[in-house]
Amino acid sequence: MTATEGGWPTPVLHADLDAFYASVEVIKDPALAGKPVIVGGTSSRGVVTSASYEARRMGVTSAMPTSRARRLCPYGIYLPPDFDAYGRYSKQVREVFDSFSPVVEPLALDEAFLDLRGATRMWPGPEALGEALRREVKRATGLVVSVGLAPNKFLAKLASRHAKPDGLLAISPDSVTAFLHPLPVSDLWGVGERTAELLERLGLRTIGDVAAVPAATLQRALGTMGGQLARLAAGSDSRPVIADPPRKSVGAEETFERDLVTDAEIAQALLRLSDRVSSRLRSAGISGQTVNVKVRFANFVTLTRAKTLPREVDSTAPIFATAKALCAKAIDSRSTSPRVRLLGVSVSQLGEWPASEQISLEDEPRWSAAEGALDEIRRKFGDTAVTLGTLLS
Ligand SMILES: [Mg+2]
């Protein structure tokens, strides 16, 4: 065993927000507090994606058809999902996670693994860190997060599920067997309905039952999965927590229904793509220095061209100007007249900050002001409402 942290070898924390979408709706409209709130498709064929605990008490669960939920909970408040808001809250929660560990692996908008190796040094133990994280998420966002702590991912995720709602459960290395063995086999990672039935036929109902069978026997009965189940039933899982890789580029591409032929058509498409890329850069608060263009011709020959600019950019005008020049070069290198099937524009060599506003004010005051206004229009009317006609001339 390697070095221990408060008696734990490399503790893993699994954090899972309680009734995330429904809870965000309650924060948006505090009058909904204490009421059965159900987020999901509101049409007759819709499905529930999130339900407050008040709604769950009436039997509503996620993935249930909304029509069934309406019968169980006729006075519930049914809302369509607001993914912009969930994305914003998820980002804030992620910032809190990042302040507790340098190794955060997000699984969804509302859950993540944290590798606490080294992180617990400043705390009396993993539990103290877990409680501090729960308080900080609540303080920063108003959201409730449940936390599982365990020696590995499999156990940490099980622990957070058992901690819900609004709880923390720590499975220390010496309590793994006592926690795990009474649980049903369906709690083993990877065991669906069919495998559960198969195990049942072998007389194996609990995880403890599975742990008592020699691994070789399980392997004979279930193939490679048998080996995995034997390891999990013994409480071991060697999958590491993997931090999500930093973004390398921001791009947009389009395959056209009809091949593009004229310069004007190509310029129009490049402008649309450049505009999409710059708007993504700005909403992420980042910028980039290299502009890349991808051109695929009707015969599927694909060319890429790139150019590094003297400084980082995040506005449409310089991205479009560079993309247009690169694309012209790519097309000129072909002997025959072009039929363009696909175009892509991306920006790489990303910097963590927006392009310096002072510099862009000196060089191109019109762009920054105009594009702030365009972002505003896009927020109101969506992407397609905006065309940058002036840039084409
Ligand atoms: Mg959740």
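Which helix is Thr141 found in? Thr141 sits in helix α5, which covers residues 126–141. Before I go on, a reminder that this is a predicted model.

I'll stay with Thr141 for a minute. Is Thr141 buried or exposed? Its relative accessible area is 8%, and the cut-off for buried is under 20%, so Thr141 counts as buried.

One goes to the backbone oxygen of Val137, at 2.6 Å. Another goes to the backbone nitrogen of Leu143, at 3.0 Å.

What does Thr141 touch once its neighbours within four places in sequence are left aside? The contacts are Ile27, Tyr89, Gln92 and Val93. Tyr89, Gln92 and Val93 belong to α4, and that takes me to the helix pair.

Helix α4 runs over residues 83–100. Its axis and that of α5 come within 10 Å of each other, and they cross at roughly 145°. As for the hand, the crossing of α4 and α5 is right-handed.

Here is who meets whom. From α4 there are Tyr89, Gln92, Val93, Val96, Phe97 and Phe100. Facing them from α5 are Leu129, Ala132, Leu133, Glu136, Val137, Ala140 and Thr141. Sorted by class, the contact between α4 and α5 has 10 nonpolar residues, two polar and one charged. Note that Val137 is part of this contact, and its backbone oxygen is also what the Thr141 side chain reaches.

Next, some backbone geometry elsewhere in the chain.

Where is there a cis peptide bond? Between Lys164 and Pro165, with omega at about -5°. Pro165 is in the loop that links α6, residues 153–163, with β10, residues 168–170.

Phe300 belongs to the loop between β12, which is 287–297, and β13, which is 302–313. Its relative accessible area is 51%, and exposed means over 50%, so Phe300 falls in the exposed class.

Gln349 is in a strand, namely β14, residues 340–351. With a relative accessible area of 46%, Gln349 is partly exposed.

To recap: Thr141 is buried, and its helix α5 meets α4 in a right-handed crossing.

Note on methods: Residues numbered from 1 in each chain as written. Predicted model: local features only at pLDDT ≥ 70, side-chain atom pairs only at ≥ 80, totals over all residues. Heavy atoms only, no water. Helix = DSSP H or I, 4+ residues; strand = E, 2+ residues; numbered from the N terminus. Buried < 20%, exposed > 50% of the residue type's maximum accessible area, 1.4 Å probe, protein only. Polar contact = N/O pair within 3.5 Å; in protein donor to acceptor, adjacent residues only side chain to side chain. Contact = heavy atoms within 4.5 Å. Axes fitted to C-alpha atoms, helices over the stretch in contact; angles between N-to-C directions. Left-handed = near helix turned anticlockwise from the far one by under 90°. Nonpolar A, V, L, I, M, F, W, Y, C, P; charged D, E, K, R; others polar.
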